Amino acid sequence: MSWQTFLLHAFTYGILVYSMILLTFYLLIGSFSILETRSYLHKNSFTDYRMLASSSEAPTMTILAPAYNEGPTIIENVRSLLSLHYNNLDVIIINDGSKDDTLEQLIKAYDLYKADFYVTQLIKTKTVKGIYRSHNPVYRKLTVIDKENGGKADALNVGINIARSDYFVCIDVDCVLEQDAILKLAKPFMETSTHRVIAAGGVVRVANSCEIEGGRLVKVHLPKKFLPRIQTLEYIRAFLLSRMAWTRLNGLLLISGAFGAFDREIVIACGGYHTDTVGEDMELVVRMRRYMEEREEPYKVGFIPDPLCWTEAPSSYRILGRQRNRWTRGTIETLRSHKKMFFNPNYGILGMLSYPYWFFFEFLAPIIEFLGTLGIIIYFFTYAINWSAVVIMIIVICIGILYSIFAILMEVLTYNQYKQRKDILKLVLVAILEPFIFHPFVVWSAVLGNISLLRKQNSWGEMTRQGFATDKKSR
Amino acid sequence: MLTLKTHLYTSFIIYWDIQTIALAGIVILMVCLLSFMLLYMLVKASHEKKHTHWRLISDSLIHKAVFDDDDRIDEEFIQMTLGTINLKKNKYFRKLLTGEIISAKKNITGAAAENLIYLYRLLNLDKYAIKNLNNLRWYVRARAIHELTTMQISGLVDHLHLFTNDSNEYVRMEAQSALVQFNGFEGLSFLDTVAYPISDWQQIKLLQLLSLLPPSTFDTAPWFQSENSTVVVFALKLARNYNRFEQHDAIAKCLDHSEPKVRLEAILCLNEIYTDETSDHLIGRFLKESLKHQLAMIRVMQTLGTERDILFLTDLLNHESDQLKLDAARALVNASKNGMASLEAYSKQSEQDITEIVMHIKREMSV
């Protein structure tokens, strides 16, 4: 056997084996997500959240919302946060050295004064320039922190230092939360006495083209633009299938930085958010899990499938590319920091399943896909085309489409946010087009993410948003 | 170019047959999923029309029961409203009607609520719920208990008591809530026997249900001895909420419990139920506790600290935890009439700079 033939066979069978394992994971994820979602929906039918909304026994929660140059929308966003239904709730806005008038707007709108405040340095952070409270008792829940610019992770750490609650909820200040979002997110922390729930996440949905009024979601629409629409499908797939399945196994590694609740005591014990990574949300969850595993304390990371948080998805390839580049770097940095857990039985599911899955199918998948496609192109032009590899590739693409269609079916059977039949058909069409139009771009962005990391480019990447108001006007 | 074409064609034919089956299988699966989804949406749309009609019928029955005081709902009216719908055979309608009645019942009280219960029984819906108590699926059993409780079908209390120790937590929770709703504080008797943990969520629910009842006498003492630590925690919450001052010593004993959650709850409980000796109990155990519990203790000292505790609290101003220092300073200020002056005096003479703490507390006091 010549080395070329050997290489060709190794390439083909390597891809075949990889695809088979991936397919097995898809099947498992689908099955587990059905079981977990069914179980959640049954349990939720007995839950009366009104009871918690008024109870003084409910655990104390603090919303931490870092803000950087959010001047145009900050007033509405804070008003929306202050109107959330939850009795024991505080809201902390952290102005992370904004260059615009974010702080001035807040001071004016909420009648703030600079308060003498003793800041406890439980986690080391950049300097806090001032802490503001309101003269108006209506806003007694609100605290605004002004600090030197240090990035999202540093801003959240300041918030953790100042919060006094048992739990904190970190959100992106421009996200729109459902009124009962905190009630629902608080529940997992109270449900079990045998395990300590260290964190809980909720579903994030795409808000582009939705009707937003006064910081509240009024009506859900499928995004009009192609790029946000395709991300809608992506979010459904990720949240309704993948995260639900991993929750079933208690192997969830990621809680979205846009919306997640954490046990403050454990976070402080772990040292808070790491400021030297762009994937601080995933890194924190992994570190918290590792901390609990090493202390052999029973714990859980909860996740609830209700659509609780709505965010604006990037609608240009430039911004989307930056986001995916950053996500890739964040994943690699996290996996690298915790490589000790890789196939380490001491870490149970975390070491034997969750970490390897993320390594092989989140970190390596885009690289393998990129090299596979490149290989097929090279073989094509050197007359050594291996049709077996091509057909395997077609099969993998079809499985991907099948998986997306299954995700849409799950959405229809459960939360059914897009009521019109034509919207569902549009999503199906998007599922069919995705592998050819969107997916190659995502793979390419991930490859660029790897290159950026090798070149030690560690920037966050500017995330310009159009804002919901623009969408509303366009309707 | 021709060579490339020929090569591609021949090699394509060789490999195609082997994998066609796999590809075809996936495509068939895809078509099946899509067909199922479309069919589901069509069926759902058609059901929506039917459900709208059923909802109108349900609303009509509920409206008559709730608002027509003079003319109580009877079987004739029910038959006339139901028309051709057979309640026995049509379980979907039965489920919808039951749901509507339950939902209405939760929002009304008094005579209208009595009339709804009457309607519920007249329709024999309680029989179906009772039958469901033995269903193998946990959520059917739990729903049946919930339904019977909401509709105040009280003859089953003894039977429901058995479910308070069910292996399924939701069945258990519904049964425990049912007992409290039917028997008030006496319903808490399940705490004597429950072997499974009572989650924080369930404890909040039970306290909420009890808050709707007039205060009554009940003995928490036996529950402090329970081997189930969640029962002890709940008993402490009961003692705190219902000001059981006579239980002070039993509560103080819980400060030595092996379960940290019980100890924490006991500390919080002593914030409401305290005597002159309470701070001694806390100070005596302070060094043995974790920082979290120490912070809770110092926060309690803010309420019950006296001049006797000033020395202890002043020492804590040198503690390594900033949070504890701040809380100790607060407690110090509250411990005597001249607390603030004492703190300021200490600040001036101390080597440690606590100016920011003093400013912080001054600001709090001015609000």
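Mentor: What follows is a set of questions and answers on a predicted model.

Trainee: How many residues does the contact take from chain A?

Mentor: Two chains take part in the contact, so each side is counted by itself, a pair of residues being in contact if their C-beta atoms lie within 7 Å. Chain B gives 43 residues. The number from chain A is 40.

Trainee: Which element gives the most to the side of chain B that touches chain A?

Mentor: Several helices of chain B give two or more residues to this side, among them α6 (138-150), α8 (169-183) and α19 (355-366). By class, the side of chain B has 26 nonpolar, nine polar and eight charged residues. The element that gives the most, with 19 residues, is α1(B).

Trainee: How far apart are the end C-alpha atoms of helix α9 of chain A?

Mentor: Helix α9 of chain A covers residues 280-294, which is 15 residues. The expected span takes 1.5 Å times one less than the number of residues, so the helix should span 21 Å. The distance in the model agrees with this: 21 Å.

Trainee: How many of the 15 residues of α9(A) are buried?

Mentor: A residue is buried if 20 or more other C-beta atoms lie within 10 Å of its own. The buried residues of α9(A) include E280(A), L284(A), R287(A) and M292(A). The helix is largely enclosed by the rest of the structure, because the number of buried residues is 11.

Trainee: Are α3(A) and α4(A) parallel or oblique?

Mentor: Helix α3 (residues 74-82) and helix α4 (residues 102-109) of chain A pack with their axes 9 Å apart, at an angle of about 55°. Angles under 35 degrees count as roughly parallel, and 65 to 115 as roughly perpendicular. The angle therefore makes α3(A), relative to α4(A), oblique.

Trainee: Which residues of α3(A) make that contact?

Mentor: On the α4(A) side are T102(A), Q105(A), L106(A) and A109(A). The residues of the contact divide into five nonpolar, two polar and no charged. From α3(A) come I74(A), I75(A) and V78(A).

Conventions:
Residues are numbered from 1 along each chain as its sequence is written. Chains are lettered from A and ligands numbered from 1 in the order in which they are written. This is a predicted model: local features need pLDDT of at least 70, side-chain atom pairs count only at pLDDT 80 or more; totals for chains, interfaces and linings use all residues. Helices (H or I, at least four residues) and strands (E, at least two) are DSSP runs, numbered from the N terminus. Ala, Val, Leu, Ile, Met, Phe, Trp, Tyr, Cys and Pro count as nonpolar, Asp, Glu, Lys and Arg as charged, and the others, Gly among them, as polar. A residue is buried if 20 or more other C-beta atoms lie within 10 Å of its own, exposed if 12 or fewer, and partly exposed in between; C-beta atoms are placed from the backbone. Axes are lines fitted to C-alpha atoms, for helices over the stretch in contact, and angles run from 0 to 180 degrees between N-to-C directions. Angles under 35 degrees count as roughly parallel, over 145 as roughly antiparallel, 65 to 115 as roughly perpendicular and the rest as oblique.
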